[in-house]
Amino acid sequence: MTDAANPGVAGPSRPAAESPITVAPIDLRHVDSFGDCLAEVARERKYLAIVDGFTLEQNAAWVAADRSLGNPFHIALDGDRVVGWCEVRRDPLPGRGHGGVLGIGVRAAYRRRGVGRRLMATAIADAWVRGFERIELWVRAPNEAALSLYRKFGFVEEGRRRDAVRLDDGPEDEVLMAIRFVKEPV
Ligand SMILES: CC(C)(COP(=O)(O)OP(=O)(O)OC[C@H]1O[C@@H](n2cnc3c(N)ncnc32)[C@H](O)[C@@H]1OP(=O)(O)O)[C@@H](O)C(=O)NCCC(=O)NCCS
């Protein structure tokens, strides 16, 4: 059941289904496969603002930095192959350090099997444990799948960046969404 004051803590309910996919914190040995997964989603050009992946060195530096900063960074694995990821990157600015930015993606062949939902639930729960009090993200406005997923975890729209992305389908807005963790008074 979802905690009404703290949306996303438990995530929306759903019947358990058998799945060979595991979700785990990212480990440096998964960097190569993570980079391949990110690049695959980026090359679809419909969902992210990047259209290709990064070098192995860039991905290794990214993952190492996240791990040393204690940022939630989980992956979905089919055996040893990374098929999805979800990261919450803490904002480096002192005045915004209670918040982080969420990024998620699942390889196309693994979508609509509950992997995104599991990654979100794990990353959000980990973020609250690690003291994040706000998680935000930008999503391209036509991305109905992601919008629906985020709403199910309690993200609400806070704003809109007009004409923010221009790739293959003309100008697109980006929607700012966020959830907040409300601490109980002592
Ligand atoms: C968004 C994304 C991560 C969802 O992952 P997924 O594993 O397919 O999602 P799940 O199977 O766990 O579905 C969870 C919920 O997401 C929403 N959703 C997922 N795919 C959807 C689709 N094609 N249409 C509408 N809603 C969809 C639904 O609300 C769904 O709940 P339901 O099963 O009760 O309908 C995946 O579509 C993806 O990787 N997209 C490309 C990358 C991307 O858009 N990243 C986010 C950029 S801001």
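These legends go with a set of close-up views of one predicted protein model. Numbering starts from 1 along each chain as its sequence is written. Because the model is predicted, local features need pLDDT of at least 70 and side-chain atom pairs count only at pLDDT 80 or more, while totals for chains, interfaces and linings use all residues.

**View 1. The whole chain, element by element.** The protein chain has four helices and seven strands, where helices (H or I, at least four residues) and strands (E, at least two) are DSSP runs numbered from the N terminus. Reading from the N terminus, the order is β-α-α-β-β-β-α-β-α-β-β. Of the 186 residues, 30% are buried, meaning that 20 or more other C-beta atoms, placed from the backbone, lie within 10 Å of the residue's own.

View 2. Seven strands line up as β1-β2-β3-β4-β5-β7-β6, with mixed pairing; strands pair if DSSP finds at least two bridges between them. β1 (22–25) and β6 (156–166) sit at the edges with a single partner strand each, so one side of each has no neighbour in the sheet. Strand to strand, the twist averages 25 degrees; axes here are lines fitted to C-alpha atoms (for helices, over the stretch in contact), and angles run from 0 to 180 degrees between N-to-C directions.

View 3. Four bridges hold β1 antiparallel to β2 (residues 73–78). Look for P25 opposite H74 of β2.

**View 4. Helix α3 against the sheet.** α3 (residues 115–129) lies across β1, β2, β3, β4 and β5 (134–140), at about 30 degrees to β3. After the helix comes G131, with a positive phi near 90 degrees.

View 5. α1 (residues 31–44) lies across β2, β3 (81–90) and β4 (99–106). Relative to β3, α1 runs at about 85 degrees.

**View 6. β7 and its two partners.** β7 (residues 171–180) pairs antiparallel with β5 over seven bridges, and R140 has E174 in β7 as its bridge partner. Seven bridges also join β7 to β6, again antiparallel, with E157 opposite M177. β6 and β7 make a hairpin with four residues between them, and G170 in the turn has a positive phi of about 80 degrees.

Key:
Buried ≥ 20, exposed ≤ 12 C-beta atoms within 10 Å, placed from the backbone. Contact = placed C-beta atoms within 7 Å.
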